[in-house]
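Hello,

Here is the structure I promised to pass on. Please open it first, then read my notes below.

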Amino acid sequence: MEYELARKKVSEFINASDSREIVFTRNATEGINLVAHSWGLQNLKSNDEILLTVAEHHSAIVPWQLVAQKTGAILKFVELNEDGVPDVEKLKDMLSRKTKLVVVHHVSNVLGSVLPIEDITCWAHDVGAKVLVDACQSVPHMAVDVQNLNADFLVASSHKMCGPTGIGFLYGKSDLFSSMPPFLGGGEMISDVFLDHSTYAEPPSRFEAGTPAIGEAIGLGAAIDYLSKIGMQRIHDYEIELARYLYDSLCSIPNIRIYGPVPSEDVQRSALCSFNVENIHPTDLATLLDQQHGVAIRSGHHCAQPLHRHLGVGASARASLYFYNTREDVDDFIHALNDTVRFFNSFK
């Protein structure tokens, strides 16, 4: 009962038309793999095109590489424009009747940029393509309405929205789910089992084989209650303000390169900044910030190696904020970063 109530909470949180359009998965990665194996292997053939951007998370690239190897489908990638964000106009131009699927992030986990999903789904549907949206960086930070976005599939993770690890969800339109074969076989996903064949349950049960992550689903439901009580629009408005403050503050650091768009009245960034400081490795920055100042940032390729190669770097440092952070947190980070940069520069 509580498990199904959690499904209803997810459905209402993203404004799905029916709770049966929500499938619980181990994480967003599994959700993408489910679509790749169940929808992709059934619907893609040789020379069909899958359109992605160079800024996608590995979880949105690798499953489609595997499907392409099996089906002969071709992956095509949209590069960044002069503003340092995926070139949406180029994406529109690359769409054709050969395009069967568009796989895009809503918010980039490296660039902090936000893609116009409603426009992308409209263009894709005009050529008969489906759209899968990686919403891991948007669902926790803004009001996401899947009916307005008109995405065919959408994934998100619990642990990025104050919930437990080990669970995420896949949204899919009812007609698509109904046409898709099971991803995994076992208990709970069947209607009847015979020695020579089986029949399958209706979605979402068809895609939830075995004992579900009951506790984790209930925990995700509690997290949704918590976020909803605060208000997603309130969270988004606060984070936009905080994101601008973080970006402007980082610009004061000597020899820094911040990736992604410059915020303005017309361009909003999510509340994260990936950056590099000239001649200082991002892991050195992150380590000293942690050990000397108690400031936690992330360093590495952030599961986006193709994007970093496109940017001409092997790694970056990333400062990420959420609604519980404050301007004072940003000030403390900037003070610590200045001190850390001075420390490393003292050896030159």
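A surface patch comes first. Ile190, Val193 and Tyr200 form a nonpolar patch on the surface. Together they have about 260 Å² of accessible area. Ile190 sits in strand β8, which covers residues 190-193. Ile190 counts as partly exposed, because its relative accessibility is 30%. Keep in mind that this is a predicted model.

Next, the strands. Look at β4, residues 99-105. This strand is mostly covered, with six of its seven residues buried. Which strands pair with β4? One is β2, residues 49-53. β2 and β4 are parallel, and three bridges connect them. Another is β5, residues 130-134. β4 and β5 also run parallel, joined by five bridges. Here Leu101 stands opposite Lys130 of β5. From β4 the chain passes through helix α5, residues 117-126, to reach β5. This β-α-β crossover is right-handed.

Now the charged side chains. Side chains of opposite charge can pair when their charged atoms come close. The model has 13 salt bridges, counting a Lys or Arg side-chain nitrogen within 4 Å of an Asp or Glu carboxyl oxygen.

- Asp48 and Lys45 meet in a salt bridge, with an N to O distance of 3.5 Å. Asp48 counts as buried, because its relative accessibility is 5%.
- Lys173 pairs with Asp152, and their closest N and O atoms are 3.4 Å apart. Lys173 lies in the loop between β7 (168-172) and α7 (174-179), and Asp152 in the loop between α6 (146-149) and β6 (153-157), so this pair ties together parts that are 21 residues apart in sequence. Asp152 counts as buried, at 3% relative accessibility.
- Arg206 forms a salt bridge with Glu202, the closest N and O atoms being 3.9 Å apart.
- Glu4, Arg7 and Glu208 are linked in a network of salt bridges.

Go back to Arg206 and Glu202 for a moment. Is each of them buried or exposed? Arg206 is buried, with a relative accessible area of 8%. Glu202 counts as exposed, because its relative accessibility is 54%.

Then turn to the pair Lys173 and Asp152.

Best wishes

Notes
Residues are numbered from 1 along each chain as its sequence is written. This is a predicted model: local features need pLDDT of at least 70, side-chain atom pairs count only at pLDDT 80 or more; totals for chains, interfaces and linings use all residues. Side-chain values use heavy atoms; hydrogens and water are left out. Patches are made of residues with over 30% relative accessible area and no salt bridge: like charges are joined within 9 Å, nonpolar side chains (Val, Leu, Ile, Met, Phe, Trp, Tyr) within 5 Å. Accessible areas come from the Shrake-Rupley method with a 1.4 Å probe; for residues, only the protein chains shown count as cover. Helices (H or I, at least four residues) and strands (E, at least two) are DSSP runs, numbered from the N terminus. Buried means under 20% relative accessible area, exposed over 50%, partly exposed in between (1.4 Å probe, protein chains only). Two strands pair if DSSP finds at least two bridges between them. A crossover is right-handed if, with the strands pointing away from the viewer, the path from the first strand over the helix to the second runs clockwise.
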